[in-house]
Amino acid sequence: MDNSNKYDVIVVGAGLAGLSCAYELSEKGKKVLVIEAQSYAGGRTSSFDDNGMQVESGLHRYIGYYSALPRLLKKCGVKIGDIVTWEEKVDILIKNKNKKLVLGLAPLFGPIKTVRGVLGNNDILTIQDKLSLIPFFVSGFSSYIFTDNLDNYTVAEYANLHNVTEKGKRLILEPLSSGIFFMPPENYSAYAFFGLFAPAIGKFYKMRIGAFLGGMTDIMCNPIVDKIRSLGGEFVFGEAVEEVIIENDAVVGVKSKNGNEYFSNQTVIATTLPSAKSILALLKKNINLRKLFELPTMSACTLQLEMTKPALEKDITTFGPGTDMVSFAEQSRTTFRNKNGRLSVILGNAKDYANKDAEEILETVINEMDSLGVHLDKENILNYRKVAEKDEFYSLDKGNQKLRPTQNTGIQGLTLAGDYTLTPSFATMEGAVISGELAAKECLKNSN
């Protein structure tokens, strides 16, 4: 074997988990190779050209209380304030009412909007509706911190247990569940729900939402790639890994679908969950990977449209409870500033939409957006694309948190990374970065 083809660590996947891991290892002087199936970095936080239309892997937002992601970006020379613009509120459109609920989500940076959101909107949410949410949130956060039973409930079940009103469930809890993770509150684990917002308790002053000021590959992921390269790390793009190479019950490298073989002391699988299952198929019967192969998946699907003019007055996160338009945003003034109009819609019932063609989805989007008071004239739509991530997320249904595997597989030479692995976070950019850091620690420990 040619030593030039032997690495300290091979990282499979150049999403945030893989990039985070590769940075930590390269920074410690390890000889690292990152292999990515796509021709670009970013994974589920990427932007790319889809047959002539610039799209992103999905409508993403940066949460102000993230810690691991901004720390990584700072080390790579990226300031968060240079790549996002901050939103201090969100709009919740009321179906067939031509009304909207405005909620302030930046207690420190937008205190007036936050107070107005709580005390106002009384024509839509009554005092009783608001008060019914208090025991739900107080009990939920307490249970998240002090017990481990929240994963036994869905968000809807936990809301019913605490007598949240129907309006409270539909106009507040539904946007905060399906609007963020495209899973309805009837399925979405209460543990994951409260776990997502729990960091805001201690960092409430950092709470706000950031819209990206460009494609995520260009402004967020490529600078990390450049930094890793400057530290001696190597990348191979456009080459999909087919399987791991096993010798004497240890993983010693990977084989690509092109037939190329790469060898290493440590291999980190930092792909999506279904890709990890495929690459590790030779080890499916290994008891150490039982959780990995049992953990179920869920899909995501967005429709992204270019238009002759903006669909919304402002580029802020907007929710459409009661429809499959679970969340959406105008992006012509933020991410796609070279476009006259640019709407991205995250669709509910993603598993169904992932199997439909773009034309059929467009008709649904036009009709349901119309019920929310957003009128999309076909004559103004210049281009559109369906971007589906079929079965690429681990399922946030109740009962699944115990199936998240740790980064340490117990198999010599093999480590896992990805937001599906066990971290204090969930299916987020923050969770992916944390998983990469933990995977790097495992590799360093095993190399000593």
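The radius of gyration of the protein chain is 22 Å, which agrees with the value near 22 Å for a compact globule of 448 residues. The model is predicted. Along the principal axes, the C-alpha atoms fill a box of roughly 70 × 50 × 40 Å. The protein chain contains 15 helices and 19 strands.

Contacts in the protein chain were examined by sequence separation. Among those between residues at least 6 apart in sequence, 68% join residues at least 24 apart. Of the 448 residues, 59% count as buried.

In soluble globular proteins, nonpolar side chains tend to be buried together. In this model, the largest nonpolar core holds 116 residues. Met220 and Leu280 touch the most other members of that core. Another core lies apart from the largest one and comprises 22 residues. Its members include Cys301, Phe328, Met369 and Leu376.

The surface was then considered. The protein chain exposes about 18700 Å². Carbon and sulfur atoms supply 49% of this area. Charged side chains number 50 positive and 52 negative. The centres of the two sets lie 5 Å apart.

Note on methods. Residues are numbered from 1 along each chain as its sequence is written. This is a predicted model: local features need pLDDT of at least 70, side-chain atom pairs count only at pLDDT 80 or more; totals for chains, interfaces and linings use all residues. Side-chain values use heavy atoms; hydrogens and water are left out. A nonpolar core is a set of buried Ala, Val, Leu, Ile, Met, Phe, Trp, Tyr and Cys residues joined through side-chain atoms within 4.5 Å. Buried means under 20% relative accessible area, exposed over 50%, partly exposed in between (1.4 Å probe, protein chains only). Helices (H or I, at least four residues) and strands (E, at least two) are DSSP runs, numbered from the N terminus. The radius of gyration is taken over C-alpha atoms; the globule rule is 2.2 Å times the number of residues to the power 0.38. Contact means heavy atoms within 4.5 Å. Accessible areas come from the Shrake-Rupley method with a 1.4 Å probe; for residues, only the protein chains shown count as cover. Lys and Arg count as positive and Asp and Glu as negative; His and the chain ends are not counted. The place of a charge is taken as NZ of Lys, CZ of Arg, CG of Asp or CD of Glu.
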